[in-house]
Amino acid sequence: MSEVAKQTAPAYDPYPLDVLAIVRLVLIGVITGAVGWLLYLGIANFFIDPVFCRSAETYSVCRSGGTIAWIGAHVIVLAAATAVLARLAVYRPLLVVLATLVTLWGAHGWLGGMEWYVGLVWQAVLFGAAFAVFGWIARLPSFLLALILTLIVAVLSRIVLMLS
C-alpha cells in the first residue's frame, strides 16, 4: 500500500468521545443520582416505613428497608438511564449503568445519615463521576478489556467506599 493511501484512509468512529460526550455523561449521571435519591426517599418514607415498620413480625424488612428502597429506586432510575444513554449513542450503556450500580451499591449507608438535600447533592456528584469514568472505560475497542478494567475500577471503588 502506498504512503498516500495510508494517510488518506478514513478512520471511522461511530461513538466519538469528546468533551461534549463527557459532559453529557456527567449530566445524565447527576440527574440519575438526584432522581434516584428522591425516589429512594419516597419509597422509604411512604412505602417501607408505613407498611413494614408497624409490627414486630416485619421487623427484618423494616430494618433493611433503606437498602431495599435504595436498590428498588435505582433499578428503576438506571433502567431509564440506560435507555437515555442508548438514545444518545453512548457506547455500551448497560456496562456503564451496571458498573455504576455495583460501585455505588452501599452509598445510602453513609449518605442516609445526612440531611436529605446534602445526601442528594453528594449522590448526584457520585453518579455523575461514575457515569463519566465508566463511560470513558466503555469506549475501549475490546469489550473484554473494557469489562476487565470496569471490574477492577468497580472493585477498587467498593473497597474505598467500605473503608470510608
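The axes of H4 and H5 come within 9 Å of each other and cross at roughly 155°. An angle over 145 degrees counts as roughly antiparallel, and therefore H4 and H5 are described as roughly antiparallel to each other. Keep in mind, as you explore, that this is a predicted model. Let's start with this pair of helices and then look at what surrounds them.

**H4 meets H5**

- The crossing of H4 and H5 is right-handed.
- On the H4 side, the contact is made by Trp-70, His-74, Leu-78, Thr-82, Leu-85 and Ala-86.
- On the H5 side, the partners are Pro-93, Leu-94, Val-96, Val-97 and Leu-101.
- Sorted by class, the residues of this contact are nine nonpolar, two polar and no charged.

**How covered is H5?**

- H5 is mostly covered, with eight of its eleven residues buried.
- Which residues of H5 are buried? They are Pro-93, Leu-95, Val-96, Val-97, Ala-99, Thr-100, Leu-101 and Thr-103.
- The cover over these buried residues includes H4, H7 and H8.

**The loop between H4 and H5**

- Two residues to look for in the loop between H4 and H5 are Ala-89 and Arg-92.
- Ala-89 has a positive phi of about 60°, although it is not a glycine.
- Arg-92 is not a glycine either, and its phi is positive too, at about 55°.

**H7 meets H8**

- The axes of H7 and H8 come within 9 Å and cross at roughly 155°, which means that H7 is roughly antiparallel to H8.
- The crossing of H7 and H8 is right-handed.
- H7 brings Val-133, Phe-134, Ile-137 and Ala-138 to the contact, and H8 brings Ala-146, Leu-149, Thr-150, Val-153 and Ala-154.
- The residues of this contact divide into eight nonpolar, one polar and no charged.

**The nonpolar core**

- In soluble globular proteins, nonpolar side chains tend to be buried together.
- Here, the largest nonpolar core has 35 residues.
- Which residues have the most contacts inside this core? They are Tyr-40, Trp-70, Leu-78, Leu-85, Leu-104, Phe-131 and Phe-134.
- The elements giving two or more residues to the core are H2 (19–52), H4 (65–87), H5 (93–103), H6 (107–111), H7 (116–138) and H8 (143–163).

**A look at Tyr-117**

- Tyr-117 is found in helix H7.
- With 46% relative accessibility, Tyr-117 counts as partly exposed.
- How many residues separate Tyr-117 from Ala-34 in sequence? They are 83 residues apart in sequence, and their C-alpha atoms are 9.5 Å apart in space.

How values were computed: Residues are numbered from 1 along each chain as its sequence is written. This is a predicted model: local features need pLDDT of at least 70, side-chain atom pairs count only at pLDDT 80 or more; totals for chains, interfaces and linings use all residues. Side-chain values use heavy atoms; hydrogens and water are left out. A nonpolar core is a set of buried Ala, Val, Leu, Ile, Met, Phe, Trp, Tyr and Cys residues joined through side-chain atoms within 4.5 Å. Buried means under 20% relative accessible area, exposed over 50%, partly exposed in between (1.4 Å probe, protein chains only). Helices (H or I, at least four residues) and strands (E, at least two) are DSSP runs, numbered from the N terminus. Axes are lines fitted to C-alpha atoms, for helices over the stretch in contact, and angles run from 0 to 180 degrees between N-to-C directions. Angles under 35 degrees count as roughly parallel, over 145 as roughly antiparallel, 65 to 115 as roughly perpendicular and the rest as oblique. A crossing is left-handed if the near helix is turned anticlockwise from the far one by less than a right angle, and right-handed if clockwise. Contact means heavy atoms within 4.5 Å. Ala, Val, Leu, Ile, Met, Phe, Trp, Tyr, Cys and Pro count as nonpolar, Asp, Glu, Lys and Arg as charged, and the others, Gly among them, as polar.
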